[in-house]
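Here's a quick tour of one model, written for someone who likes to know the cut-offs. Have the viewer open as you read.

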Amino acid sequence: MRRALTGGLLLLVAALTLAVYWLARGRTDALAAAQDREMAVQAAAAHAVSLMSIDHRRIDDDLKRALATSTGPQRAQYAAGQGALRAATLKNKAVQTGVLRASALASIDGGRRTAQVLIVGDAVIHWEDGRKAPPEERFFRWRMDVTKASGLWLVSRAELVQ
């Protein structure tokens, strides 16, 4: 009888250990999923601020920042247009300051490798080239696809939406 009681207790301890393991693993997976959702939104938000904040005095750093937060088609598209953007910004001595108004996760795939994020931002642009034009307000609304590459979330597509 003592042997049966010891065996029963060992089975109970093993079952409890297994239950604690599965609960801890579930919590770890849930925390990782929450972190991926948050990081996807933060990556899109950082990219949006980079796109909206351009200053002729630091244009090269601004362009590098936008490239650093993008990948794939978005990176290629931005790289192709950065020469024209740089030239126009320097010529007009433009200073555009962007402000992120809202960001939200629209969707994320089951494997947590891609996500879609909605972004709302506003920018004010003024020119330091001597013109007397008042500052101009610009409003941006994006749908951004973000992709997890080498552990980092990067924007792979940014589409302006109405």
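## An aromatic pair

At its relative accessibility, does F140 count as buried or exposed? F140 counts as buried because its relative accessibility is 15%, where buried means under 20% relative accessible area and exposed over 50%, with partly exposed in between (1.4 Å probe, protein chains only). W142 is buried too, at 6%.

Searching the whole structure turns up one aromatic pair. The ring centres of F140 and W142 sit 5.2 Å apart with planes at 5 degrees, so the pair is stacked. Here, rings of Phe, Tyr and Trp (its six-membered ring) pair with centres within 6.5 Å; planes under 30 degrees apart are stacked, over 60 edge-to-face, the rest tilted.

## The sheet

Five strands make an open antiparallel sheet, ordered β1-β2-β3-β4-β5. β1 (54–55) and β5 (152–160) are the edges with a single partner each, so one side of each lacks a neighbour in the sheet. β4 (residues 136–149) pairs with β5 over eight bridges, and A149 faces L152 in β5. Strands pair if DSSP finds at least two bridges between them; strands are E runs of at least two residues, helices H or I runs of at least four, numbered from the N terminus.

## Helix α3

α3 has a kink of about 45 degrees centred on Q82, the bend being the angle between axes fitted to the seven residues ending there and the seven starting there. Its buried residues are Q74, Y78 and T89. Just past α3, K93 has a positive phi of about 45 degrees.

## Ground rules

The model is predicted, with local features needing pLDDT of at least 70 and side-chain atom pairs 80 or more, while totals for chains, interfaces and linings use all residues. Residues are numbered from 1 along each chain as its sequence is written, and side-chain values use heavy atoms, leaving out hydrogens and water.
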